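Here are a few exercises to work through with the model open next to you. Try each task before you read its solution.

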Amino acid sequence: MRRLLELEAEVNQLKAQAATATTAAVAAPAPAPAPPPPVEEPPQVNEVAPRLKLNVFGDVGYEWYNHVPDTFDFGSLDLFMSARLSQKVSVLGEALFVAQSDNSVGVDVERLLLIYRQSDYFHASVGRYHTWVGYYNTAFNKGEFLETAADRPFIYAFDDQGGVLPMQDIGVNLTGKIPSGKLGLNYVVEAGNGRAWGVNLEPTQNYQDANTSKSINGGLFARPDKLPGLQVGFSVLHDNVTVPGPSVSETIATVHAVFINGNYEILNEGVIVRHAESGGPVFNTGAFYSQLSRRFREFRPYFRYQYFNAPSDDPVYVYASANEYAPLIDSGFVGRLNGPSAGVRWDFTEHPAVKFQYDRYSLRGQATENGLTIQFAFTF
Amino acid sequence: MKKHNSVAPVFLAIAILAVVTAIWLTVLPHPAEAASDPIVVIVNVANPVDNLSTSELKKLFLSDRSRWDTGKAVAPVMIAPGAPERTAFLKAVCGMNDSDFGKYFLQAAFTGKSATAPKEMSSYAGLKTFVANSPGAIGFVKAGDFHGDGSDGGVKAVKVDGAAAGDAGYKLRM
C-alpha cells in the first residue's frame with residue numbers, strides 16, 4: 001500500500017513538471033538551442049588498445065672501418081610501450097632486440113617503469129630506467145631515429161655495449177619542476193643498485209646488488225624562458241663500486257649546455273669521473289663532446305668532436321667490455337680516445353631517415369681508426 | 001697519494017664551447033614580425049586567464065605545463081595539420097614545423113614524460129565546441145572564425161604578450 005502511495009506521488013510530480021514545461025514553452029516559443037555538434041575524436045596514432053600505445057624504433061645499415069671487414073649491420077629493434085593506468089599513474093616498457101658482437105641477437109628489457117605524476121613538481125617512478133647522467137642518455141635513450149648522428153657519443157655508449165658510464169639502473173627516480181619563474185629549474189634525484197663491473201658481468205644489477213651501497217644521483221637543469229631552446233645543467237652521481245681488489249668510490253660529475261630549436265642543434269657536455277680506491281690512489285678521467293648541426297630543409301649536416309681520457313691504471317675501466325661504437329677499442333680500454341665525426345642526416349620522408357657519417361678516432365698507442373657508416377633509422 | 005689528472009682539457013674545452021655557444025646564440029635569426037591576419041588564442045569562458053606570454057603558450061601546447069592556476073587540467077586543441085594558421089602558430093610559438101612538433105611528442109613519450117599531444121579537430125566549429133565544453137581547454141582560431149561578440153558560445157579570446165588580436169603590436173599572425 002505504501003509503495004502504491006509512493007508511485008502515485010511520483011506520477012503527480014512528473015505531471016506537474018510536464019505542465020510547467022508546457023507553460024514555459026508557450027510563454028517562450030523560441031526554438032530550443034541545437035545540441036552542440038559532436039566533438040571530433042581523430043584516431044590516436046600508434047594506439048593498439050584503448051590504453052596501450054606502441055612505437056617501434058629500428059635501424060639497419062652498412063659500415064666500413066679500416067681495421068675490420070666492412071659489413072651490413074642490424075642495429076636494433078626497439079619496442080616501446082606506454083599506457084596510462086589512471087590520471088596520475090602510467091607505465092612504460094621498452095624491449096630491445098639488439099645485435100651482439102658474436103652475431104647473435106640479444107633481448108634486453110631496456111626500461112620498465114611505473115610512473116606516478118602527482119603534479120608538474122613531483123614525478124616518481126620505480127623500475128629499470130636510463131640514468132640522468134648528463135643530457136644525452138635520457139634525451140635520446142635508445143632511439144637512433146631521434147638522434148641526429150648515427151651513434152651516441154663514446155662517453156654515453158650504453159654500459160652493456162662497452163660504455164664506461166652507468167647508463168641504466170634499477171631503482172627509484174624523482175623528477176619535477178622547481179618553482180623558479182622564468183629560470184625554469186628542474187630537479188632529478190635517483191637511487192639505484194648501481195653498475196656492476198667485472199669480466200662477462202651484466203652491468204645492470206637487475207636481480208641482486210653486489211654490495212649494500214646504493215648509487216645516488218642528483219641533478220639540476222634550467223630552461224630559461226628568455227632563451228627558448230637552451231638547457232644548462234649538471235649532475236653528480238656517487239656509488240661504491242665492487243671490483244676485484246679494494247673497493248672503489250666512484251663519483252661522476254657532468255655538466256651540459258645544449259641548444260635545440262627548429263634549425264639548430266648544439267650539444268656540449270663534459271664529464272669527470274673520479275675513482276678513489278679505499279685508502280689508495282685517486283684516478284680522474286675526463287671526457288667531453290661537442291656536436292653542432294643545422295637543418296637545411298630535409299638535410300641536417302652535423303659535426304661532432306669527442307675526447308675521452310682514462311688513466312692507464314684506472315682500477316675500474318680495465319673491466320670495460322669491447323665498445324661497439326668504436327670497433328678498434330677492445331675490452332678493458334683505457335687511455336685517450338679523441339677525434340671528429342662528420343655526417344649528414346637526410347629525412348627523406350616523415351619517419352625514416354638515412355645518415356651518412358665519417359668517424360676518425362685517435363687512440364693513444366694505437367693506429368688511427370677511420371670509418372664510414374650508412375644508417376637507416378626509422379620509427380612506426 | 002698518487003694522482004692522475006686528465007681533466008684540464010675538459011675544463012678548457014667547456015670554456016671554449018660556452019663561448020662558442022654564446023656567440024652562436026647571439027647571431028641566430030630572430031623571428032620577424034609579419035603584418036598579416038592575426039591568430040586568436042581562445043580559452044573556455046570560465047577560465048580566469050586573460051593574458052598569456054608566448055613562452056607560456058609554448059609550455060601549454062608542448063605539454064610542459066599540465067595545470068592552470070585554478071587546478072584545471074590543461075587541454076590544448078589544434079586544427080588538423082595542413083592549415084596555414086597551424087603552421088604559423090607552431091612556427092611563432094613553438095619554433096617548430098609540423099614534423100618537428102610530431103617528433104617532439106614522440107621523443108617526449110620515449111623519454112617517459114607525461115606530454116600528451118594536443119587534440120586535433122578538422123573544423124574550427126568543432127574546435128570552439130571543444131573549448132566551450134572543456135574548462136581547461138585552450139586553442140586558437142583564425143581571426144575570421146572568432147567574432148568576439150558573444151556569438152562564439154562559451155569561449156573567449158586571451159591577449160598574447162599583453163596585446164589583443166586587434167592591436168597593432170600583436171605578434172601572433174599568419
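**Exercise 1. Helix 4 of chain B and its surroundings**

Task: find what the buried residues of helix 4 of chain B pack against.

Solution. The partners are strand 1 (52–65), strand 2 (68–84) and strand 16 (369–379) of chain A, together with helix 3 (84–94) of chain B. Contact here means C-beta atoms, placed from the backbone, within 7 Å. Helices (H or I, at least four residues) and strands (E, at least two) are DSSP runs, numbered from the N terminus.

A quick note on the set-up: this is a predicted model, so local features need pLDDT of at least 70 and side-chain atom pairs count only at pLDDT 80 or more, while totals for chains, interfaces and linings use all residues. Residues are numbered from 1 along each chain as its sequence is written, and chains are lettered from A and ligands numbered from 1 in the order in which they are written.

Next, who does the packing? The buried residues of the helix are Phe101(B), Leu106(B) and Phe110(B). Buried means 20 or more other C-beta atoms within 10 Å of a residue's own, exposed means 12 or fewer, and partly exposed is in between.

Now check the length. Helix 4 of chain B covers residues 98–110, 13 residues, and at 1.5 Å a residue it should span 18 Å. (The expected span is 1.5 Å times one less than the number of residues.) The end C-alpha atoms are 18 Å apart, so the two agree. After the helix comes Gly112(B), with a positive phi near 85 degrees.

**Exercise 2. The sheet of chain B**

Task: work out the strand order of the open sheet in chain B, and say which strands are at the edges.

Solution. Start with the inventory: chain B has 5 helices and 7 strands, running β-α-β-β-α-β-α-α-β-α-β-β from the N terminus. The open sheet takes 6 strands in the order 3-7-2-6-4-5, with mixed pairing. Two strands pair if DSSP finds at least two bridges between them. Strand 3 (51–52) and strand 5 (119–121) are the edges, each pairing on one side only.

Zoom in on one pair: strand 2 (residues 39–44) and strand 6 (residues 137–142) of chain B are antiparallel over 5 bridges, with Val40(B) bridged to Val141(B). Helix 5 (residues 124–133) of chain B packs on this sheet, touching strands 2, 4 (75–79), 5, 6 and 7 (155–160), and its direction makes about 150 degrees with that of strand 6.

**Exercise 3. The nonpolar cores**

Task: which residues have the most contacts inside the largest nonpolar core?

Solution. Ile155(A), Leu165(A), Val271(A) and Phe308(A), in a core of 46 residues. (A nonpolar core is a set of buried Ala, Val, Leu, Ile, Met, Phe, Trp, Tyr and Cys residues joined through C-beta atoms within 7 Å.) Another core lies apart from it, with 37 residues, including Val41(B) and Cys94(B).

Methods: Contact = placed C-beta atoms within 7 Å. Axes fitted to C-alpha atoms, helices over the stretch in contact; angles between N-to-C directions.
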